[in-house]
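Dear colleague,

Please find below the structure I am handing over to you, together with its sequence. My notes on what was found in it follow directly after.

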Amino acid sequence: MTDSEDSGNADNADGSGDVPDSGTSNTQDAADEAERVSSELYDLIGVKGEASDTGPGVSECGDKDPQKYFRIFHAWTFTPASADRLDGVMERLRTQLPGQGWKVVAYGPDTSKNKNLSLTADNDGKKYSVKIAHFAKDATPNLNLMVVSGCYQVPEGETVDRF
């Protein structure tokens, strides 16, 4: 990655910043990869609970041709079996993600009145970014995750399949 891509990745999970090139793929294979990345993150949470049943989606890739280039996003929520199970999870993720190829680029309270703890990490090898927010003060405490890919190009002769 170039320096500008690396410095811009911090914002990839929220759709801004420079977007790394993720290579060539069709949208279904890229969506399957996003689900694998989310599954790995689920395992790292290490707490019994339930993930929302949402599938990945397809979005445009900045100002690139929307028929040829796309990004995959996968937004999901993790709700623990017991609210107190999330105590310390964000700090544990902050220390364990680097061992799994992730670089934590932001960590701390967000700007909401609840000061929800938020973590953003990039995985240059996988060309993915994740933003995790711990909503500790919600009626049902949970983690919200937004997993976002770099910019894919469809194979020659194909177009982006939107879902």
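On leaving β7, the chain passes through 6 residues that make a hairpin to β8.

Strand β7 (residues 128–135) is largely enclosed by the rest of the structure, because 6 of its 8 residues are buried.

In soluble globular proteins, nonpolar side chains tend to be buried together. In this model the largest nonpolar core has 30 residues, and those with the most contacts inside it are Leu 41, Ile 72, Leu 93 and Leu 143. The elements that each supply two or more residues to this core are α2 (27–45), β4, α3 (89–96), β6, β7 and β8. Helix α2 gives the most, with 7 residues.

For Ile 72, the contacts beyond four places away in sequence include Thr 27, Ala 30, Ala 31 and Ala 34. Among its other contacts are Pro 56, Gly 57 and Val 58, as well as Tyr 128, Val 147, Val 148 and Tyr 152.

**The disulfide**

The structure holds 1 disulfide. It joins Cys 61 to Cys 151, with an S to S distance of 1.9 Å. The pair links distant parts of the chain, 90 residues apart: Cys 61 lies in the loop between β3 (57–59) and β4 (69–80), whereas Cys 151 belongs to strand β9 (residues 151–153). Are these two cysteines buried or exposed? Both Cys 61 and Cys 151 are buried.

**Confidence in the model**

The mean pLDDT of the protein is 89, and 90% of its residues reach 70 or more. Over residues 1–12, however, the pLDDT is below 50, although this stretch has 31 contacts in the model beyond near neighbours in sequence. Where pLDDT is low, the predicted coordinates should not be read in detail.

With kind regards

Terms used. Residues numbered from 1 in each chain as written. Predicted model: local features only at pLDDT ≥ 70, side-chain atom pairs only at ≥ 80, totals over all residues. Heavy atoms only, no water. Buried < 20%, exposed > 50% of the residue type's maximum accessible area, 1.4 Å probe, protein only. Helix = DSSP H or I, 4+ residues; strand = E, 2+ residues; numbered from the N terminus. Pairing = 2+ DSSP bridges. Disulfide = S-S within 2.5 Å. pLDDT = per-residue confidence, 0-100. Contact = heavy atoms within 4.5 Å. Core = buried A, V, L, I, M, F, W, Y, C linked by side-chain atoms within 4.5 Å.
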